[in-house]
Amino acid sequence: MGRLFVAAVLLFVAGCSGGENAVPGGGGKLDALLAKAPAYTGQVVPGSAVDRIKKRGKLLIGGSQDAPLLSQLDPVSGELTGFDAYLGKLLAHHLLGKPETELLSATSETREPLLANGTVDVIIQTYTITPARRERVAFAGPYYRSGQSIAVRKGTSGITGPADLAGRTVIAGANTPAIAAIKQAAPTARIVEFGSDPECLTALKQGRGEAYVQDQAILVADAAKDGELQLVGEPFTEDLYGIGIKHGDAEFTEVVDDWLREIGKSGLWQEVWRQTIGTVVTGEAPSPPAIAS
Amino acid sequence: MSLVLEGFLNTVALTLLSFAGALLVGLVVAVMRIVPVPLLRGAGAVYVEVWRNIPLLAWLVLFVFGLPEVGVRMPLFWTAFCAIALYEAAFVAEALRSGVSSVATGQGEAARALGLSFGQSLRHVVLPQAGRRVVQPLANVAIALTMATALAGVVGVVDMTRAAQRINLELAQPLLVFTGAGLCYLVMAAGIGFGARVLERRLA
């Protein structure tokens, strides 16, 4: 009994400490992607971000472990899976020749300080590019175009678009772009936040709110698993996600931008999309958003 | 600005109401643990051990998502109030009980030797002495409770921490925003500490 308990605790700890992934490659999906990944051929200026990362031998990424389809820790394999996670691995492979990364859990409160004090090299975490944020961080990209969608309980009437959210109680994930989107589309809506997507879903089903606003890809995934959920129309916002880089580091931003252009052209970006978001969103892979030079 | 105010007022309201609730429930539990009835003592001990040994966040999630499953549906604010009050009641009960225990046993024995009943000796001899000694421990519980209300933000209540997070989402200035929120908590906690000192002097 005691031994069983110890084993359970160890398993739990092992599951939780999966942030650092020392095993190169890992899951089959990622291997296939890495085989096509381009390598950095530019100059390495001593003291630059690329030089620092190369000397360290791994890329430090600020991100999430609990964002389905984007950056989620697989509790069985200990691998980080999803669109953001794979891009991080590919970027590391690009710079280092091996997918050596370390994920540091970032939150919307810690992202800017983590970049500013150099704790992480990049933030890849559905980081919407906004003018206010541009004043504190540099963004490479955008690397992904997303939109907020509305979901309701099946059989809900009267909600056909974002304007119908006015005056209603709307559920949103804490610290997600949904909050700003709701405020903009329906300023009189009452926003109730819960920590994670499953909690938001449960809250919706228990009647804590009449609608749930979330990234469309996540809602599509939810609806595929849950017959009680119904999506309302198409996304009503356009969020452009960027890769956060230390403010003022134009050189490294350029390197990441070039890399994004390259994988967009070679079709690797679309391949990553198909392996992750494309597993729940039907239709062909979209084209990556244009990167301003 | 209205968001800051809403968050601040919710935190203040949640703190005051939860502490009032915790005092009430904690008093009942403390009495249960003191009276010479084994069944009540046992029940009081079980209450304290169950409530304080499970994290408040777990209680909040259980209350918010579990109660509707069994047909109990309350607004989020009141659900959070119940969870926080019942959780902190365990700490209040222990603070009260240790206050009573701190009165030398000789005092109770002397009271009974004078012919006072259990209730009388408690009311006239033990409690007045215990009262002053529990003020600071109770203030500690109250301050811990103030900070614990931030957890309600995780289950949908717009408290001060949640409001700060929302504001930061727009401003992207976490150091500034959270220093501000921290100062609000500091003012509240300092107020509790000041109140406790005044009360302690009065009871002396």
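Predicted model: local features only at pLDDT ≥ 70, side-chain atom pairs only at ≥ 80, totals over all residues.
**Figure 1. Overall make-up of chain B.** Chain B contains 8 helices and 0 strands. Followed along the sequence, these elements give the pattern α-α-α-α-α-α-α-α. The C-alpha trace of chain B extends over about 70 × 45 × 20 Å along its principal axes.

Figure 2. An unreviewed UniProt entry assigns "domain: ABC transmembrane type-1" to residues 8-196 of chain B. In the model, that span is 81% helix and 0% strand, and its end C-alpha atoms are separated by 22 Å. The UniProt record, also unreviewed, gives "transmembrane region" for residues 12-32, 44-65, 138-158 and 178-199 of chain B. Two of these regions are described here. Residues 12-32 of chain B are 100% helix and 0% strand, with end C-alpha atoms 30 Å apart. For residues 138-158 of chain B, the figures are 52% helix and 0% strand, and the end C-alpha atoms lie 26 Å apart.

**Figure 3. Packing of helices H6 and H8 in chain B.** Helix H6 of chain B covers residues 118-148, and its axis lies 9 Å from that of H8(B), at an angle of about 170°. The two helices, H6(B) and H8(B), are therefore roughly antiparallel to each other. On the H6(B) side, the residues that meet H8(B) are Gly131(B), Arg132(B), Val135(B), Gln136(B), Ala139(B), Ala142(B), Ile143(B), Thr146(B) and Met147(B). Their counterparts in H8(B) are Tyr185(B), Met188(B), Ala189(B), Ile192(B), Gly193(B), Ala196(B), Leu199(B), Glu200(B) and Leu203(B). The residues of this contact between H6(B) and H8(B) comprise 12 nonpolar, 4 polar and 2 charged.

**Figure 4. The contact between chain A and chain B.** Chain A contributes 21 residues to the contact and chain B contributes 17 residues. On the side of chain B that touches chain A, helix H7 (160-171) and helix H8 (174-203) of chain B each provide at least two residues. H7(B) gives the largest share of that side, 7 residues. By type, the residues of the side of chain B that touches chain A are 11 nonpolar, 3 polar and 3 charged.

**Figure 5. The annotated domain and the domain division of chain A.** According to an unreviewed UniProt entry, residues 58-280 of chain A carry the feature "domain: Solute-binding protein family 3/N-terminal". Across residues 58-280 of chain A, the model has 34% helix and 28% strand, and 31 Å separates the end C-alpha atoms. Chain A is divided into domain 1, made up of 2-145 + 240-279, and domain 2, made up of 148-232. A distance of 28 Å separates the C-alpha centres of domain 1 and domain 2 of chain A. Each side of the contact is counted separately: 7 residues come from domain 1 of chain A and 7 residues from domain 2 of chain A. The side of domain 1 of chain A that touches domain 2 of chain A consists of 3 nonpolar, 3 polar and 1 charged residues.

**Figure 6. The three-stranded sheet of chain A.** In chain A, 3 strands make an open sheet with the order E3-E4-E5 and antiparallel pairing. E3(A) is joined to strand E4 (residues 71-73) of chain A by 2 bridges, and the two run antiparallel. Opposite Asp66(A) stands Gln72(A) in E4(A).

Figure 7. Ile171(A) has Tyr212(A) in E12(A) as its bridge partner.

Key: Residues numbered from 1 in each chain as written. Chains lettered and ligands numbered in written order. Contact = placed C-beta atoms within 7 Å. Helix = DSSP H or I, 4+ residues; strand = E, 2+ residues; numbered from the N terminus. Nonpolar A, V, L, I, M, F, W, Y, C, P; charged D, E, K, R; others polar. UniProt positions renumbered as here; feature names shortened; annotations may be inferred. Pairing = 2+ DSSP bridges. Axes fitted to C-alpha atoms, helices over the stretch in contact; angles between N-to-C directions. Parallel < 35°, antiparallel > 145°, perpendicular 65-115°, else oblique. Domains from an automatic or database assignment.
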